[in-house]
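Q: I have a model open on my screen and would like to learn how to read its features. Could you walk me through it?

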Amino acid sequence: MNLRARLRDDSDHGGVLLLDGGLATELEAQGARLQGDPLWSARLLHTNPQAIKAAHHSFLLSGADVITSATYQATIQGFVQHLGVSSDTARELLASGVCLAEEAVMAFGCEQRATRPVVVAASVGPYGAFLHDGSEYSGAYADKMSVEELKAWHRPQLECLAAAGAEVLALETIPSVKEAGALVEVLREFPNCNAWISFSCKDGTHLSDGHLLQDGVRVVGRSAQVLAVGINCCPPEWVEPLLDSVVALRSPDRKWVAYPNSGEEWDAEQGWQTSEKTTATIPALSDTWIKQGAALIGGCCRVHPDQISELRRHLKTRQPTEEEAADLGM
C-alpha cells in the first residue's frame, strides 16, 4: 500500500497512521538473543526468518497501519563481515527483509480477512548502526566523513531495498544534518521510492550532533520524496518540545512522524530500567503530538505490541479538534 496515498486519505484514526513498535523488542520476547550482536535483529534474516514474520504478525494483530522491515542494522558489508557470506548473498538477505514483511501482511490479510491497507516501510539505519558503538546517538562519525562518503555507504542498501520493491523507506535514527542531507541526495537516485526521515535527538530541541531539529527539517524538507520528518527512539516526553521547535516549518505538504521509545533506560549491569523522568505513556501524550501535526505515530525500542494495541484503542476513541477536522475535511 502506498504511504503517500494513505497520508492523503483519511485513516481509521482521524488522519493518523499507526506505526508498529520495537521489532527487536518483540523478537527478544520470543526468545531471540540480540543484545551485543553487531547485526542485531538483522541476523535473524539469515538464521530465523520465520521469527521475523511472527514479530510482524504480532504488530499487525495490534492494529499497526505501517510495519517496518528487519533491516535497520542490515548492510551488505555487515553481512559479509559478520556472517561470512558473499556480497551477492548479502544483497539477497537485505532484500529478504522487505519480502518477509510483505509476506506477513499478505498472510495476515488472508487469516483475518482484513481489508485494512497496510504499508511496508523498509528500515534504513544510520552509518552509526553499522559501527555498533552507539554513535547513532552522537553522530560523531559524520565530522570525519564527507557527504560523498556517506552517500557511497548508503547507496548499496537503498539500491537493494528499492530493487526488492520497497515503495517507502524509513530512514531512521539519523543523528546528524550531514547524514540526513546525504540520504536525501542518494534518495534522488531512486525516484520510485518515497521516504520518511526520523532523527535521533539529545534533548527537546537538538539533534544528537548538536544541530537544532529545525536545521534537519529544512535540509530534508527540500525533497518531494520525503513525505514525513520527525523523531524516533527518544524519551516520549521529548516529542512535544521537539515538535514545538519546528512549528514554524509545518505545512500541508510536510507531515510529522513521532515514534519514541518506551522511556526506559539501558543499564549495562541491570538491563532496561524504568526512567524516573518518564511519567506518561505514549497514548496519553499522543493527543498533543497530533495537535502539533503528527500524522505517523508509534513506538521504537521497548514498545511492545500490547502498547501499540493500547495506542490504537486510544486513537479510535479520541475526537479530532475543530482544527484537525477542518484539515481532514470532516
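A: Let's begin with one side chain: Glu-185 is partly exposed, with a relative accessible area of 30%. Here buried means under 20% relative accessible area, exposed over 50%, and partly exposed in between, using a 1.4 Å probe and protein chains only. A word on the source: this is a predicted model, in which local features need pLDDT of at least 70 and side-chain atom pairs count only at pLDDT 80 or more, while totals for chains, interfaces and linings use all residues. Residues are numbered from 1 along each chain as its sequence is written, and side-chain values use heavy atoms, with hydrogens and water left out.

Q: Which residue forms a salt bridge with Glu-185?

A: A salt bridge is a side-chain nitrogen of Lys or Arg within 4 Å of a carboxyl oxygen of Asp or Glu. In this case the partner is Lys-151, with the closest N and O atoms 3.0 Å apart. The two sit in distant parts of the chain, 34 residues apart: Lys-151 in helix α8 (residues 147-163) and Glu-185 in helix α9 (residues 177-187). Helices are DSSP runs of H or I with at least four residues, strands are runs of E with at least two, and both are numbered from the N terminus. Lys-151 is buried, at 10% relative accessible area. Salt bridges with shared partners also bring in Glu-148, giving one network of Glu-148, Lys-151 and Glu-185.

Q: How many salt bridges are there by this rule?

A: The count is seven. Another one joins Arg-91 and Asp-88, at 3.9 Å from N to O.

Q: How far apart are Arg-91 and Asp-88 in helix α6?

A: The general idea is that an α-helix has 3.6 residues a turn, so residues three or four places apart point the same way. Arg-91 and Asp-88 are three residues apart in helix α6 (residues 87-112), so about one helical turn separates them. Asp-88 is exposed, at 53%, while Arg-91 is partly exposed, at 36%.

Q: How do I read a helix such as α4 (residues 49-61)?

A: Start with its span; the expected value is 1.5 Å times one less than the number of residues. Helix α4 has 13 residues and reaches 19 Å from first C-alpha to last, close to the 18 Å expected. Then see what is buried: in α4 the list includes Ile-52, His-56 and Phe-59. Among the elements covering the buried residues of α4 are α2 (23-29), β2 (66-68) and α13 (305-317). Just after α4, Gly-63 has a positive phi of about 110°.

Q: Which residues have the most contacts inside the largest nonpolar core?

A: A nonpolar core is a set of buried Ala, Val, Leu, Ile, Met, Phe, Trp, Tyr and Cys residues joined through side-chain atoms within 4.5 Å. The largest here has 74 residues, and Leu-45, Phe-79, Leu-169, Phe-199 and Trp-289 have the most contacts inside it. A second, separate core of 19 residues includes Leu-17 and Cys-233.

Q: What lines the largest cavity?

A: A cavity is a set of points, on a 1 Å grid over the protein atoms alone, where a 1.4 Å probe fits but cannot get out; lining residues have an atom within 4 Å of a point. The largest cavity holds about 70 Å³ of space. Its lining has 13 residues, and those closest to the centre are Ala-74, Thr-75, Val-124, Gly-125 and Gln-157. Helix α8 gives the most to this lining, with four residues.

Notes:
Contact means heavy atoms within 4.5 Å. On a 1 Å grid over the protein atoms alone, a cavity is a set of points where a 1.4 Å probe fits but cannot get out, and a pocket is an open set with protein on both sides within 12 Å along at least five of seven lines; lining residues have an atom within 4 Å of a point. Grid points are joined across faces, edges and corners, and a volume is the space filled by probe spheres set on the points.
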